[in-house]
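Me: Could you walk me through this model, one question at a time? I would like to start from the packing and finish with the backbone.

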Amino acid sequence: MNMLKQIFLCVLSLSLSGALTGLLILLIRPVTKRFLSKRWNYYIWLLVIARLMLPVSVEMDFWHMTLPVSVNGTQEENEMFKSDEAKETEAGNAGAEDLPILEKPKAQKAGFEPITDKPILPKPDLWQAAGILWVLGVLITLLVKITDYRKFTSCVKKDWTPVSDSQVLDAEENICKRIRMKKLPKVYETEAISGPITVGLFNPVIVLPKQEREMEQLPMILHHELAHVKRKDLWYKWLYQILLCIHWFNPALYLVGRRLNTDCELSCDEMVLACLTKDGKKAYGNILLDAAQKSISAGRRIPSLTLLEKKQDLKERLKGILQYKEKSGLKALLSVFLSTGLITLSACSSIEAGPDSMPVHIAGENWDEEYTSFWDEMTSWMMASSVESFLAEPVYVNKNGDAWRAYEDDELIAGADVTDQYHMYIYKGGKQIECNGMFLNGANSVLIVNASKETEIQIKSVFEVLNGKFKLVHVLPDGTVEVVNETGEKETSHITMNEGRNVIKFVGQEAKVRDLKVDFSFHEKDFESVFYSEDAEQAEAVKERIKTGDISKEEVLELLYYMDSEDLSHAFARLLNQGETFDKDELLDIIIYSDSELSGRYLAEAVRNKEVAVPAETTISDIKYYLGKDSLEQLLLALEDEITFDILYDCAPYLSQNGLGNCLAQYMEAGNSLTGLQFQKISIYLDEDTLNQIKL
């Protein structure tokens, strides 16, 4: 079969499997919408999206379905569709050809032809035509959707202006703090719409109608739109819309899309209702009723987020408000079990439209059978194309440097790694090394073992050298260099690791290498230590020197990717005690790659003991996301009288209520006071006891 036909059959299989999963969810929805959260009912549609995207077939006889393409196809295709019983029958008939004829076969009745002479589904040439029609449909529906979206957004953006009302901006800021949103979306207003909407994927913005606003309703409206932004609902909707373009011929998926949009709004309502009182819920219902009087829908083809997209959903949403209840532990447990069951059923509900239409197969019984499919071949072709592009790039090397000379100089090979070009395309290291493409000029260690006695290991290797020279070598403890493989031919070598430090290295001279595979067979317990790079070995050496303080900031920063997080924190503490200073980027790297809670406490202690200078507020603002509540509190308390309201307010969402109260108390004990605006901004993060103390 040609590639277009195979792609279309794959899409058809995915479409049917996705529709089956969607119909299954719709079937149980009357139960799930009553007993499970709106959030669960919304995100369970991800199963349909996954089924439409992942070409995986789990072969289970009671569930797996196959739709044959044609009995008049090629011999190989027809063989794939024959049942075991049919094959046994054919085998029996083949063996009977040499036997004497005992009875003349009965003639066919006039006007009847054998059923096997008629195709069950269109002939292969019709499938190719269907594939072309499908491609045209994808292009047309995608073009229409993008055109409609551009027209809509252009209309909205034509006369919009940024909102300057401080009440609106303050309300947005307070809600963002409450729901832990780091970046505040911009807010615009325009007369082109009659209700609030959210548009934009990479930089989402909230657009409000340009009219007189009721300030009591504004926080709930903004909360609804900000909830969409926080959950990235537009990405969810756009992904499904793109899948609809690909599966434009499947009516069941349009029904699923409608329910997905409804569940999106219901789950967003649930998120808002969790923060409202009884009167607030009533007010929120009035907002929906008011929105229903206005035409605010952008249309089904426009992926946008509105407060009320369809009037017909109003009844269900108002009912959801009246029946809103907190999620119980039993419901949470039921959600987990039901999700697991649906995922299992979804994985098994594969419908194949023809041979090889579901490219990835997971067999129910025979796991050892090799399977090569169109999808494997296409992926391999794409991978090979990318590798060829990578290997076609020019490589510039210094022919007077040590890296160039290393190939012919065993002394340089036996020394520390030296390279001036070392680039890889998809590299997997460890005991089984695989690399699709590599540039190397110099010598680089890939295995370092310290042996207490002579130990033999096995090395399997194969590679193709496209340019320059390349070899795999073994460096013995005495510096002797033995070549393991220089030809690239598939080879199995048995290497004796002598007592001491043994190294396996890649050595290249302006080398371009393709399809490199090296497999080491040994038990790590047979050696005192095993490392898969020189940096990892050095990181272990640094760990041993932390206790004595014989370390430098430069080597720690160079090796932090290879160090254990707790070891890196201890090294950080040692450097702080030695009075080392760190700029913002260096400090951020250490906090991220170390045990951030432990490192935060070490930093706070060093600031409190005056071992290091007080970090700038911009630095604290950058690292606050990675510190725990306790370590962040300790760091702020270590600032003592240098603490400011700005940094206190900036860190407030990341502190516990008790921690914020302690920091605020220290701020006020230092002689500072809160203005009315400052009190209003920070009060949303404080408990009642702290608020009462401040008022006193």
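**Packing and backbone**

Leucine 636 touches Ile620, Ile643, Ile647, Leu648, Cys651, Leu655, Cys663 and Gln666, leaving out residues up to four places away in sequence; contact means heavy atoms within 4.5 Å. This is a predicted model, in which local features need pLDDT of at least 70 and side-chain atom pairs count only at pLDDT 80 or more, while totals for chains, interfaces and linings use all residues. Residues are numbered from 1 along each chain as its sequence is written, and side-chain values use heavy atoms, with hydrogens and water left out.

Me: Which residues have the most contacts inside the largest nonpolar core?

Reply: A nonpolar core is a set of buried Ala, Val, Leu, Ile, Met, Phe, Trp, Tyr and Cys residues joined through side-chain atoms within 4.5 Å. Buried means under 20% relative accessible area, exposed over 50%, and partly exposed in between (1.4 Å probe, protein chains only). The largest such core has 49 residues, and those with the most contacts inside it are Leu636 and Leu648.

Me: Are helix 23 and helix 25 roughly parallel or roughly antiparallel?

Reply: Helices here are DSSP runs (H or I, at least four residues), as strands are (E, at least two), numbered from the N terminus. Helix 23 (residues 629-638) and helix 25 (residues 657-669) have axes 10 Å apart and pack at an angle of about 0°. Axes are lines fitted to C-alpha atoms, for helices over the stretch in contact, and angles run from 0 to 180 degrees between N-to-C directions. Angles under 35 degrees count as roughly parallel, over 145 as roughly antiparallel, 65 to 115 as roughly perpendicular and the rest as oblique, so these two helices are roughly parallel.

Me: Which residues in helix 25 do Glu633, Leu636 and Leu637 meet?

Reply: Those three residues belong to helix 23. Their partners in helix 25 are Gly659, Asn662, Cys663 and Gln666.

Me: Is aspartate 515 buried or partly exposed?

Reply: Aspartate 515 sits in strand 15 (residues 500-521). Its phi is positive, about 55°, although it is not a glycine. With a relative accessibility of 42%, aspartate 515 counts as partly exposed.

Me: And is lysine 610 buried or exposed?

Reply: The loop between helix 21 (596-608) and helix 22 (617-623) holds lysine 610. Phi of lysine 610 is near 65°, a positive value in a residue other than glycine. At 58% relative accessibility, lysine 610 counts as exposed.
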